[in-house]
Amino acid sequence: MSSAGTLHGDAAARDPHTPLPTLDRPDDYLHAQSTLRSWFLTTDHKRIALLYLASITAFFVIGAVAAGFVRLALVVPDGAIMTNDTYNKAFTIHGVVMVWFFLIPSIPATFGNFLIPLMIGAKDLAFPKLNLTSWYIFMTGALFTLVAVVLGGVDTGWTFYAPLSTAFSNTWVLPALIGVTIVGFSSILTGLNFVVTIHTMRAPGMTWFRLPIFVWTHYATSLIFLLATPVITLALILLIAERAFHVGVFDPAYGGDPVLFQHLFWFYSHPAVYIMVLPGMGVISEIVPAFAQKKLFGYRFVAYAAIGLASVTFFVWGHHMFVNGQSDLASLAFSALSFAVAVPSAVKVYNWTATIHKGSLRLDTPMLYAMGYIGLFVLGGLTGLYLATLAINQHIHATYFVVAHFHYIMVGGTVLAFLGGLHFWWPKITGRMYSEPWGRISALFIFIGFNVTFFPQFILGYLGMPRRYATYPPEFQLLNVLSSAGSTILAAGYLFPMVYLVYSLWFGRRASANPWDAKGLEWETASPPPPHNFAGVPQVPKVPYDYPIQAPETGSHHT
Amino acid sequence: MSADITGANPAADPVGVTRAEHFATVGQQRHAATLGMWAWLLTELLLFAGLFLTALILRLLHPEAVQAAAGHLKFWIGATNTVVLLCSSLTMSAAIELSRLGWQRMMVGCLLATASLGALFLMLKGYEYYADYEEHMMPFLARRPYALAEQPATRLFVNLYYVATALHALHLFTGIAILLGITWKASRPGFLQRHQNWIEVYGLYWHFIDLIWIIAFPVLYVVNR
């Protein structure tokens, strides 16, 4: 890491006593224009990525505060801190905001938007105006849902199961449903933009098997956006019609079937897990080779595994309904198919591990997050196999075991990948370096805090504590207090980056074009990049991940 | 969208596409626009697929009730509407062919005919809804007595019919609005030199709305009639 770096244009030659803005105003995408209009009506994918980054960070804070309330309420077993109603609303806000407004857009809408054109050597996404439109659609949906929260909240859980959501809940379900429906269109349009961009906008020489894995995983994610999101849109439209007009499709009194909603819901929401996970896998596949200075092990298999996951995930939704009267044969098939998901997941984990093996490791902040991700993803994935096993599922269905399992995937996976990516590409996005010691400290806090929070929940669930209750038997209190205590460590770990990253915007060291000695087209251009990304047509290297150390470590040079 | 026709000679090249800044070539831009519309149609197809699946499940769960309810639908209005939409697809195809030839005036005429046929569909559909209302076939209206109240499961199918046809009508309404916007722009001089592919890309969407009706009509009106 050279400290001098490349400054913008002829800035290196200027007189240091002359104020910066008067002499050489930088011409990168952040400074080229500075009006409010130039941000809110921008069509630059990089600026839109930052609009998303600001919005989802705000939603992350809202969701995290709600989680804090949930953990606070569960410190005591008898529900003395929060009434049942308030507790139901707290976990619903947490789930709705985190899933629909943070996790699903998180990596695709920010890093995907920012990096896909850079990584494939394009000037922008294929449809820049559509890209801006998706952000406005996202914010409109968010507005509806926030209105629901401000008016008094929703108590159905993020899954909006009928008939609770259609007939029994007396809370603001309709605006929340409308908000979530609208947000779906934002996802669809983002996915559409990515698919078209990856198909049509690649620079000369950028063949499919020279694409970074990040682009592959986003391609797979975009396919899920396109194929699964409309189904939840329809399910939510039917749910809205059911609640507003008593259509009856999900109402047994008229011969409808509430489980039909669960089928439609999970046909989207299980693939949605991979909307959340695949982009994170892409981030890890970029970080690990860079900090091992080693070529990604088994590039093609990692790429195929992304497509494999995106395909298999469409056929496993029934594993959410093992105890809902689904036929044994269907359950058996869904169980077997769910096991199949482990194969491409494991391919990725083994390939990352093999990339680290005999690499030249640097444990900088992004790599710490990546290592944390791999460990937690393995735990989350393996406990997923427990849940996919029919006999064990009977025992731990809808318990804290499930809660812990998906938090290991969603937080241990997606959030850690998001933070790892944020630190990895922060110099590229902002042109500034953050405080490395603080970065490492908060990565450590998050890893420890996360495990203290969620590992006890595996035990609680195994012992039989059901999810979504405000009260629990007193013998579970110790583990619950431990979990709540862990969440405060986790919260501290989240707060640090918000401070030192913002601080770095003004006081951080200037970043060079490639501070990590990483490979990939995004590191070929300046930090931050100019408005149209590259000075000329970028030169695409013959091999992706062309790091000094080969993988596998044969020593021979293969082409 | 700058309106300059960069170096194009109107007499020599009456049809073409102006390259937007972020594309490398016009070919790339055309490919992206077409692929984008296909991707959108794929999404729309899955949206309606969920609806048709639900209709199918209802038929399996309550065959007699669905048959009784489907018998009350206005088959001949639905059939007429099918013909109307097919004709609109024909005029849309004609508009696309004319746009390729650069025959702007006739193309605009075909686009207007397409929008008019779409509007005719909506008017017929509106009349059909009115007739349904008169026959007490709107079970979702809580205060209005329902004609088949003794068969509760018929409610499901009739309500689903409204969800499906309303969703289709919403698509058609949006489609007509966009089409009129495009027609307005397409009536200006030099449009076909700048944005000929708009007509082709939009044509895909129009045919798709038509296609959805061609699936919806038999699923709702015809099967087991």
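Predicted model: local features only at pLDDT ≥ 70, side-chain atom pairs only at ≥ 80, totals over all residues.
Residues are numbered from 1 along each chain as its sequence is written, while chains are lettered from A and ligands numbered from 1 in the order in which they are written.

Chain A has 17 helices and zero strands (DSSP runs numbered from the N terminus, with H or I of at least four residues for helices and E of at least two for strands). Its C-alpha atoms sit in a box of roughly 75 × 55 × 45 Å along the principal axes. The radius of gyration of chain A is 24 Å, in agreement with the value near 24 Å for a compact globule of 559 residues (taken over C-alpha atoms, the rule being 2.2 Å times the number of residues to the power 0.38). Of those 559 residues, 56% are buried; that takes 20 or more other C-beta atoms within 10 Å, against 12 or fewer for exposed and anything in between for partly exposed, with C-beta atoms placed from the backbone.

A:Ala162 and A:Pro163 are linked by a cis peptide bond, omega near 0°, and A:Pro163 belongs to the loop between helix H6 (128–151) and helix H7 (164–168) of chain A. A:His246 shows a positive phi near 50° without being a glycine, and its 18 C-beta neighbours inside 10 Å make it partly exposed. A:Tyr545 also isn't a glycine, yet has a positive phi of about 55°; this residue is buried, with 24 other C-beta atoms within 10 Å.

Over in chain B, look at helix H4 (residues 104–134) and helix H5 (residues 152–186): they pack at about 155°, axes 10 Å apart (axes are lines fitted to C-alpha atoms over the stretch in contact, and angles run from 0 to 180 degrees between N-to-C directions). H4(B) and H5(B) are therefore roughly antiparallel, a label for angles over 145, with under 35 roughly parallel, 65 to 115 roughly perpendicular and the rest oblique.

Finally, the two chains meet: 27 residues of chain B contact 30 residues of chain A, contact meaning C-beta atoms, placed from the backbone, within 7 Å. On the chain B side, H1(B) gives the most, with 17 residues.
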